[in-house]
Amino acid sequence: MQVVLHAGAHVTDEDRLITCLVENAGMLAERGTIVPKPDDYRILLRDIVNAATQNGVSAEARDVILDAVLPGEEEAERVILSNDSFFGTHKMAVKRMFYPAACARLEAMRKIFPDDEVELFFAVRNPATFMPALLAMTNFNTIDDVFRGYDPFSFRWSELFERIRAQVPDIPITVWCNEDTPLIWGEVVREMAALDATVGFEGEFSLLSEIMTETGMKRFHAYMGEHPGMSEIQKRRVISAFLDKYADEEAVEEEYDIDGWTEDKINQLTDIYEDDIMAIPQVPGVTMITP
């Protein structure tokens, strides 16, 4: 069985992916992919993984999880589990590195499903906006509290994936940039669900409505209705063209007023992030979805 784990990062997805997949659960089940509702497994999976990291994996762990996520005696070729706190809480996301608990939890997952194929899906985000967004989600008082005294220029997403691949090298990783999600939403969903590019699904263009004007969305849907059967690349080109003309600039721009963060500092962090993005697909076993 293929076990797909969507593990974040925090403040990148806010459950939109799993919500979309659950809305398409019936169609996916016909194709052998089961998408259980998060409430059916998140607390259970957290408790089992935490126990496994401390005391080892119990013999019944896999069966307990599958009993919770597979209805009745149903079998699955692929099961999708999503939790942006799988690697830890918002406060645990940054401590000397991104997600220091990631490897231990993935190792536990690998032991829980020893004979299954475990895959990791993960979105990254520019630290210049990721750190302030984390601050807003915690009881930290300042951005310096988020960094816990470490150099904000030292954090690299590529280091996280290098660390994971070194400790659990048989878990393939699929990565994308949160900033690109509206452009590649369809491909992200299809890759996670193992859907063919020709198969449509509910909510394929739902994220566009967050960054495109109402007029633009109406014209976009009309255009797509008139041009069925487009490939992913063709769809991206159309999306880019409509965003060039109808993007909601207020929705696209992210602004944070953080004490001590100058425009120069934000630009430096962004430059480091852009270089880091180029390094991520160089990590063996990592596939990066890009526009």
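A polar contact is a pair of N or O atoms within 3.5 Å; within protein, one atom must be able to donate a hydrogen and the other to accept it, and residues adjacent in sequence count only if both atoms are side-chain atoms. This is a predicted model, in which local features need pLDDT of at least 70, side-chain atom pairs count only at pLDDT 80 or more, and totals for chains, interfaces and linings use all residues. Residues are numbered from 1 along each chain as its sequence is written, and side-chain values use heavy atoms, with hydrogens and water left out.

**Stop one.** Select Asn 83, in the loop between strand S3 (78–82) and helix H5 (102–112); helices (H or I, at least four residues) and strands (E, at least two) are DSSP runs numbered from the N terminus. The side chain of Asn 83 reaches the backbone nitrogen of Ser 85 at 2.9 Å. Asn 83 has a relative accessible area of 15%, and buried means under 20% (1.4 Å probe, protein chains only), so Asn 83 is buried. Leaving aside residues up to four places away in sequence, Asn 83 touches His 6, Ala 7, Gly 8 and Arg 42 (heavy atoms within 4.5 Å).

**Stop two.** Select helix H3 (residues 42–55) and helix H4 (residues 61–69), whose axes come within 10 Å and cross at roughly 175°. Axes are lines fitted to C-alpha atoms over the stretch in contact, with angles from 0 to 180 degrees between N-to-C directions. H3 is therefore roughly antiparallel to H4 (over 145 degrees). Show Leu 44, Leu 45 and Ile 48 of H3, which meet Ala 61, Val 64, Ile 65 and Ala 68 of H4.

Key:
Buried means under 20% relative accessible area, exposed over 50%, partly exposed in between (1.4 Å probe, protein chains only). Angles under 35 degrees count as roughly parallel, over 145 as roughly antiparallel, 65 to 115 as roughly perpendicular and the rest as oblique.
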